[in-house]
Amino acid sequence: MSALHVENKTETEEKKQSASEIAKTEISKCTNVESSRKRKHDAEEDVTVASTSVPSDLTMSGSTKKYKDATDINRVIDNTTLVADHYNSLEEKDLSQRNQSRIVYMRNFNNWIKSMLINEYIGKIRQGKSFGASLRVLDMCCGKGGDLLKWKKANISHLICADIAQVSLEQCQQRYNDILNKNKDRGSKDRGFAPIFTAEFITADCTKVRLREKFADPSMQLDFVSCQFAFHYSFESLSQAECMLQNASESLKPGGYFVGTIPDAYDLVSRWQKCDGNKFGNDVYSVEFISEDKTKPALFGEKYNFHLDGVVDCPEFLVYLPTLCKLALKHGLELVAFERFEEFYKRFKDEGRSLLGNMQALETYPPYHESPLLGDSERDYHHAIEYMQNLPANHRKIGTLSQSEWEVTSLYAVFSFRKMKTIWNSEGKPEYVKF
Ligand SMILES: C[S@@+](CC[C@H](N)C(=O)[O-])C[C@H]1O[C@@H](n2cnc3c(N)ncnc32)[C@H](O)[C@@H]1O
């Protein structure tokens, strides 16, 4: 307990340092993106746009040179097929294989972030409901069902799982059936045992297909939409981003939440701008931008190839937050929070301390004899060594993440949007108002 507490402080100090460093570069990056956005705006002024309610700086319907360029590069290959093939081909690993991964602590840490995030917003929804009321969820880009146990814990009543990768979705369904059967076995022994949520599974490209039409009951209203480590795939183009947001928005009841995790574009671009060439990373991850121009990232279609040790190897797209917020607002989704993982961790480290331990989300330093360090002992633990030097002698162990893993996970941020109230105007079009 005290080791974890101590570790949290070390991490926090580390993060403060990196956050202020990043903050400096973010300002220059922000100026670059902002001025690029202004340039696009100027270039767009005389262009007729498809939807008048889209803010003018988002209306790059293929006619803006920069936008067209970024999109053209991507059109050479069908990115969504690449992504689906990649995830379909990932071997399913059992727990012991997962535990041998070089990045097991980072993956557990990311899982902890998702658990805390889901708990936070499911908690908000529950506050407005009577005891025992139903709670329905859409897990958009659910993958192999890594969050199924989180939904079980959250005690939801119905889950809709959607993903483009059919093999992953089948594995997700199999996992759900296993949980269901296990639960039935326990239920047959314990009469007070509650049944778990019902579920349905949809194979679809969530950036191109209207999900509501595929729901078993297309009239169903949901309380919560989750999109974990996947929303960035939609920023290949304006129409794909809009489709994904529309899927989230029109699934939700007013007051419902759309919550997820994405790479922070400011951080990605600041690392890109700092590196020589277009590629940066370390021994566990790499990011390679396709465009040669670091100063004017496109709002859509700004592609980079992301590689993460044995887990991810496919194209992704920058999600510039102001653009996301404007588009989301158009679809009746109001930003509630956007927090880097380091900030989110700071906010929840005390509340989530026992879960951090249970999920093995941090590596013990110095290691126990029987479990050697997964990172490079020379390179990856300077922060831990430094921190321990300032500890009282009775603090012999702390929990931490290796430097290499931290460099990956600190790229990410959590986001949450709330579905606004819908009113219908005299032309029969929806307008959204705040609560
Ligand atoms: C990094 S995995 C995350 C899986 C899961 N959300 C989790 O947190 O464990 C990204 C997932 O997004 C899915 N995906 C990517 N693009 C998609 C699209 N256009 N439509 C639906 N799913 C997509 C992939 O197939 C993959 O399962």
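**Exercise 1. Which residue takes a positive phi in the hairpin of S14 and S15?**

Before the solution, two conventions apply. Residues are numbered from 1 along each chain as its sequence is written. The model is predicted, and local features need pLDDT of at least 70, side-chain atom pairs count only at pLDDT 80 or more, while totals for chains, interfaces and linings use all residues.

*Solution.* Start with the elements: helices (H or I, at least four residues) and strands (E, at least two) are DSSP runs, numbered from the N terminus. Strand S14 covers residues 421-424 and strand S15 covers residues 430-433, and the two pair in the antiparallel sense over 4 bridges, where pairing requires that DSSP finds at least two bridges between the strands. Within this pairing, Ile-423 stands opposite Glu-431 of S15. The hairpin has 5 residues between the strands, and Gly-428 is the residue that takes a positive phi, near 75°.

**Exercise 2. Determine the strand order of the open sheet that has 4 strands, and identify its edges.**

*Solution.* The order is S6-S7-S8-S9, with antiparallel pairing. Strand S6 (279-281) and strand S9 (312-317) are the edge strands, since each pairs on one side only. Neighbouring strands of this sheet are turned by 20° against each other on average, direction ignored, with axes taken as lines fitted to C-alpha atoms (for helices over the stretch in contact) and angles running from 0 to 180 degrees between N-to-C directions.

**Exercise 3. Describe the largest nonpolar core and the surroundings of Val-319.**

*Solution.* A nonpolar core is a set of buried Ala, Val, Leu, Ile, Met, Phe, Trp, Tyr and Cys residues joined through C-beta atoms within 7 Å. A residue is buried if 20 or more other C-beta atoms lie within 10 Å of its own, exposed if 12 or fewer, and partly exposed in between, with C-beta atoms placed from the backbone. The largest core has 92 residues, and Val-225 and Val-319 have the most contacts inside it; helix H5 (residues 104-127) supplies the largest share, 9 residues. Two residues are in contact if their C-beta atoms, placed from the backbone, lie within 7 Å. Leaving aside neighbours within four places in sequence, Val-319 is in contact with Phe-231, His-232, Phe-235, Ile-262, Ala-265 and Leu-324. Another core, of 5 residues, lies apart from the largest one and includes Tyr-365, Ala-384, Tyr-387 and Ile-398.

**Exercise 4. Are Lys-114 and Gln-228 buried or partly exposed, and which residues do they touch?**

*Solution.* Lys-114 is found in helix H5 and is partly exposed, because 19 other C-beta atoms lie within 10 Å. Gln-228, found in strand S4 (residues 222-228), counts as buried because it has 24 C-beta neighbours inside 10 Å. Not counting residues up to four places away in sequence, Lys-114 touches Asp-147, Lys-150, Gln-228 and Thr-261, whereas Gln-228, under that exclusion, touches Lys-114, Asp-147, Gly-260 and Thr-261.
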